[in-house]
Each structure stands twice: as structure tokens, then as C-alpha cells.
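Hello,

Here is the structure we spoke about, handed over for your own work. My notes follow below it.

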Amino acid sequence: MPTPPTVSRALCSLVLALGLAAGGVRASERPLWFDAGRPRPQAWQAVELLAGAPGHGLIAQDYGVDALGLQVAGAAQEPALDDAAQERLAQALSASMQRYLSDLHQGRLDPRRINHQFKPPARDGFDPAARLREGLQAGRLADVVREAAPRLSQYEALRQALVRMRTLVGHPAWRQDLPPLPRPAHFKPGRPGKLEPGQTWAGLALLAERLRLLGDMAAGGPLPTVYEGVWVEAVQRFQQRHGLEVDGVVGKDTWAALQVTPGERALQIALNLERLRWTPLTEARRMIVVNIPEFVLRAYEVREGRIVVHQTMKIIVGKAMDTRTPVFEEEMRSIEFSPYWNVPPSIARTETVPRLQHDPGYLAREDMEFVLPDGLVSTEVTPDVLAEVLAGRARIRQRPGPKNALGAVKFSFPNRDHIYLHHTPAARLFGKGRRDFSHGCVRVEQPVALALFVLQDMPQWTEPRVREAMAAGQLQTVRLATPVPVLITYGTALVKQGRLHFYPDIYGHDRELAEALRQR
């Protein structure tokens, strides 16, 4: 059949755009896709595979699947395409598949474009053009696509969750908003309402439908007419899955999370699939991963390509408003027991020096001292010394001890933002649900367990010795026999123990990533 002019023009544009994006195609692609002037089965399979891109959170139209489908169908009918038209279609198929394989393997976006300081994925021999040719020749095109995607159980679990979430898109349960929450008897203007046990609410029926569809409430059976019992338990399950305070009270944050539509959640999952494609999770034997929105650190080993978690602990990260913890990777090379805290220049300028100008006794009460330009240590608060600090020629540090902001141990790794992991004397903050309280560094809940993990190649460092060094009150720096990579990441959708969890986008990185992908 004749090729419609619009399809032909679209195909020519596709060859140019995708061919350049894929780094060019071979001089002749026709034998890979055509046999005796007709499309081989691989051509039909390629169109089908490209149409399945949304299953990976990708967009099928990025690969020109509609134009390719029309062209392949046309080429299978009379009159047959001439040699030049066959070559154009063959090159378009190759270019689209190469781009798809590349996007699956390393993501659509260089993470550094959105200030995620991850190095490009290590070269592992994956060449989209070569793998495509091998797959076509061996009749293993579907296998090549499957092998291009990250070989992570979390990736596959999120893919399955994406399918389930998309089945709820457009469901009547989200076609209307939940009604306003009950207001207290002595309601003050500007204060949000909340639903507490024992209350009634006009939104209970709609709430039940959503909780059942999301798997937080069992299907069927009569429900109490007031908010109690099974209602509270279901809301607590929902809160636990969404990184909220698990109190069973529907306040403004829980109400807002319940309003998020399945379509919005599907997009959130797709963004996290993209992150997994360029986050280096299995490049080293041991790793420490900090997930900012989840407020959790995991220390794990990689065994035969599988992640085996050894430690999971709560963390405190940088404040969302002004001292965000950056996203990056680096190698932990040393531990400092009973560390000094060198007050960062920004904190010294904006907080410590102004405090000392009004209250010189603060220095002694907080066990602080000055390190002068010549290296001498002073505890005398004078205008000249404070001026030296403000000029960056002197610094303030806090001595080891119970008041030290770093607690009893500091885990060091070089980075431009002077970020590190450390113990903290303010352990009460780990009881909070949302834990963005720091100036940017990451406070860890279980410093002894983390120290033993990173020191496991140094058997002389037993738990008693670690605890003794932490309590000594005298700085001791230990260089690791084997550096341990640290990844500070940003995952807002995870599958844990078979259940899908979402976390608030506290730094707005989901929005930034979505916009960067749209601009691409």
C-alpha cells in the first residue's frame, strides 16, 4: 500500500532524531529487518516491545512507535517498499530500539543535570547497537530488552506496582474530593480540621472505598458508623505506607495523601524507576545507602548481584527549607571516634559568632574553642578573634565529649559540601515521623552497628573496642582497610515486604525530575 505522506515525513524525522540520539546506525540495516522485501518477524516484535515501554515507566511515543507500526504494517502488504524505503524503515527501527535499550540501561537523563552528583554508570560492556544486532541475529530481541533493564528486585517490584496502580487510574473513587474534615467545637480560623476516633464524617464511605482499593482495608463486611476500630487500623496502615505519623488521626497531611490520585502515584513510581536506572546500587561489594525522603539508612552487601541488607536504621537529614542534604556518591575512607566538631563556616557566620557577640560565655558552656590562623588554640572571646572567624582565617570547633554535636563517632568521606554521617546526643528526634532537622549532615540512630559494618575487614575492631573508643573523649582517627561507598539517594516510592510505600517529596526533587524529563 502507498505510504501516507505524513507518515513518510514522520519516519524521516524519526530516522534523523533517533539516529543521532542513538549515536548513529550502521550503513545498511535492511538484512536485520527485511527478508525478500518483507518485514521479518523481528520488525513486528520490535514495534510490540516499543509499545510496551510504559511498563518501564517510559513513554512509547519517545520511540516513534505509532509511525513505525504503520510503516511495518504497510511494508507487509502490496506493493512492496522499494530498497530505499526498506532501508529508511530498517534504520528507523534500529535507531528506536537502540535508544530504548539505552534509556532502559542507563536512564533518559544524566542525573548531574538535576544536581545529583552520581558519576555516570560504570561501563559494563553494554553497547545498545551491538546488543541489538546480536538479539536480532539470535532471535532474542525480547531477552535483550529484559537484560537492558536494571537487574534489581526493587526495580521489578516497582514495575509490578506501576501496573497495579494504573488499573486504578480513572476509578470513580477519585472522581470527587474527600469532604472537609470535621472542625472542633471551638474552631479557630485557619486551623485545619481532623478526624479522630469516635467522630462521624461525611467522607467515611468514600474513604472506605479508597482504602479498600489501595489494600489498606479488607474488602466486604459492615463498617462502624463512627470512626473507630477497623477504620483507625486501616488509616494507620495507610499512614505507615506513606511516611506519615502513624497515629490513626486523619489530619491535614493524611487527608492530603488520601487525595493523591492513582495517576499521580503512577507518575511517582515512573520517576523512581528512572532513578533506579542511573543510581549505582550494585557497583561495589559493600555499600551504605541513605534514602532522604524515607529517613532511613541501609548498609548492605552485594552477593552474586543480589542486595543483602545487614543494617537498617533511622536517620535525620537536612532541613527542607534551607539546609538540604545533597544527593551524591562518595567513598567512606575513615572513622573518627570522639571527634571534634569543626563548625562549618556558614554556621559560624550566621549562628555561632552572633551568639558569642551577645553571650561570650556560650563558648565555654558548649566546650568550644578557637583554632587561630597560626594553629594555636584559644578560648578567649575577643572582637579580633571573632573577626578572624568571619574572615575565614580562624575557625571554631567543639571538643570531644557529651556536648559534641557529632556525638561519639563521625563517618567521613570527601565531598564538596562537607557532608558526613555521625552520631548525635539528640536521640529523642529519632522518635519523630518526619526527620529533617539537621544542617545538612546525616545523623544515624545506631552508630555502633554502622561502625562494625564498615570495620568488618578489620577484625581487631570488636564491639567492646568500638564502644571504648566512642567513650574515650580523645580523638582517634581510623582509616578503613577497604573504603565503603556511600550513596545519598532520593527515593519517594519503594516496595518493602511486598507493600508499596510512598514518601513525601520534601525537597521537591520529584518535581525537578519530572520537569527535566518533559524538557528532554
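**Strands and sheet**

Strand S17 (residues 493–496) and strand S18 (residues 499–502) run antiparallel and are joined by four bridges. Please keep in mind that this is a predicted model. Within this pairing, Ala493 has Phe502 in S18 as its bridge partner. The hairpin of S17 and S18 has two residues between the strands, and Gln497 takes a positive phi near 50 degrees there. S17 is covered on both faces. Ala493 and Val495 are buried on one side, Leu494 and Lys496 on the other.

There is also an open sheet of four strands. Its order is S8-S11-S9-S10, and the pairing is antiparallel. The edges are strand S8 (341–342) and strand S10 (377–378). Each has a single partner strand, so one side of each is left without a neighbour in the sheet. S8 pairs with strand S11 (residues 395–398) over two bridges, in the antiparallel sense. Trp341 stands opposite Gln398 in S11. Helix H13 (residues 345–358) lies across S8, strand S9 (368–371) and S11. H13 runs at about 80 degrees to S11.

**Aromatic pairs**

A search of the whole structure gives four aromatic pairs. Two of them are described here.

The ring centres of Phe328 and Phe413 are 6.1 Å apart. Their planes are at 40 degrees, so this pair is tilted. Phe328 is in strand S7 (residues 327–337). Phe413 is in the loop between strand S12 (409–412) and strand S13 (421–422). The two residues are 85 residues apart, and the pair links distant parts of the chain. Both Phe328 and Phe413 are buried.

Phe337 and Trp461 make a stacked pair, because their planes are at 20 degrees and their ring centres 5.1 Å apart. Phe337 also lies in S7, while Trp461 is in the loop between helix H16 (447–454) and helix H17 (463–471), so the pair ties together parts 124 residues apart in sequence. Phe337 counts as buried at 0% relative accessibility. Trp461 is buried too, with a relative accessible area of 6%.

**Charges over rings**

The charged end of Arg465 sits over the Trp461 ring, 3.9 Å from its centre. Elsewhere, Lys410 lies over the face of Tyr420, at 4.4 Å from the ring centre.

**Two single residues**

Asp510 is in helix H18 (residues 509–519). Is Asp510 buried or exposed? Asp510 is buried, as its relative accessible area is 8% and the cut-off for buried is under 20%. Its side chain makes a polar contact with the side chain of Thr492, at 2.8 Å. Leaving aside neighbours within four places in sequence, the contacts of Asp510 are Gln268, Leu271, Arg275, Tyr490, Thr492 and Asp505.

Pro182 is in the loop between helix H8 (153–166) and helix H9 (204–213). At 16% relative accessibility, Pro182 counts as buried. With neighbours within four places in sequence set aside, Pro182 is in contact with Gly193, Lys194, Leu195, Gln199, Thr200 and Trp201. Gln398, the residue opposite Trp341, is 216 residues from Pro182 along the chain. The C-alpha atoms of Pro182 and Gln398 are separated by 49 Å.

Best regards

Methods:
Residues numbered from 1 in each chain as written. Predicted model: local features only at pLDDT ≥ 70, side-chain atom pairs only at ≥ 80, totals over all residues. Heavy atoms only, no water. Phe/Tyr/Trp six-rings, centres within 6.5 Å; stacked < 30°, edge-to-face > 60°. Buried < 20%, exposed > 50% of the residue type's maximum accessible area, 1.4 Å probe, protein only. Lys NZ or Arg CZ within 6 Å of the ring centre and 35° of its normal. Polar contact = N/O pair within 3.5 Å; in protein donor to acceptor, adjacent residues only side chain to side chain. Contact = heavy atoms within 4.5 Å. Pairing = 2+ DSSP bridges. Axes fitted to C-alpha atoms, helices over the stretch in contact; angles between N-to-C directions.
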